[in-house]
Amino acid sequence: MEGATQDAPSGARPGLPRLALALGFAGLLPQILVVATLILGGDAERFTALSVGYAYAALIFSFLGGLWWGLAATGGARVPNWVWFAAVGPSLIALATAWPWATGGEWPGPSLVILGLAIAGSLFVDWRMKVSGLTPKGWLVLRVPLSLGLGALTVLAGWL
């Protein structure tokens, strides 16, 4: 299989393609730039950096729920019901963290911290899906550093 991380025996699930790994890790760059801007930039860039950091974390978290939904949709009858609920959770959490901004409450620090912790905590769902046989080979190799990385960067942005 072209681009696979390793050759899979006949009938085995293939590993994630190298391109998926590279693009996955490149997905940390926007939040790295947000944190760098918050540390090195001035007051003029602060609100924009926080807004972009929040939007990126919310989008990626929602995207992760979509990935879980897609993996569940290919799993057939063996998919536990909890997966469907878990798959809609990220979008609902992201929406809930927008509430303070929409209503003039304290934002975005607490919302960024909540999102960052939720992103890091999403590894529990990834692990349970792996145990249930719903993920491709190499899934956690990608998900662990990305969830911990984006989660930590997002929490850091909320504290800065």
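Modeller: What follows is a set of questions about terms, each answered by setting a value beside its cut-off.

Modeller: Please keep in mind that this is a predicted model, and that the protein chain holds 7 helices and 0 strands.

Biologist: Why is Ser147 called buried?

Modeller: Ser147 lies in helix H7, which covers residues 139–159. Its relative accessible area is 0%, and the word buried is used for values under 20%, so Ser147 counts as buried.

Biologist: Why is Arg143 called buried?

Modeller: Arg143, which is also found in helix H7, has a relative accessible area of 9%; because that value falls under the cut-off of 20%, Arg143 is buried as well. Across the protein chain, 39% of the 160 residues count as buried.

Biologist: What makes the link between the side chains of Arg143 and Ser147 a polar contact?

Modeller: The distance given for the side chains of Arg143 and Ser147 is 2.5 Å, and a polar contact requires a pair of N or O atoms within 3.5 Å, one able to donate a hydrogen and the other to accept it. The side chain of Ser147 makes another such contact, with the side chain of Ser122, at 3.4 Å, and this value is also within the limit of 3.5 Å.

Biologist: Which residues does Ser147 touch, once its neighbours within four places in sequence are left aside?

Modeller: Ser147 is in contact with Ile119, Ala120, Ser122, Leu123 and Asp126, while Arg143, with residues up to four places away again not counted, touches Leu64, Ser122, Leu123 and Asp126.

Biologist: How do you know that the span of H5 is close to what is expected?

Modeller: H5 has 13 residues, and the distance from its first C-alpha to its last is 18 Å, which is close to the 18 Å expected at 1.5 Å a residue. Among the buried residues of H5 are Leu112, Val113 and Ile119, and the elements that cover its buried residues include H4 and H7.

Notes:
Residues numbered from 1 in each chain as written. Predicted model: local features only at pLDDT ≥ 70, side-chain atom pairs only at ≥ 80, totals over all residues. Heavy atoms only, no water. Helix = DSSP H or I, 4+ residues; strand = E, 2+ residues; numbered from the N terminus. Buried < 20%, exposed > 50% of the residue type's maximum accessible area, 1.4 Å probe, protein only. Contact = heavy atoms within 4.5 Å. Expected span 1.5 Å × (residues − 1).
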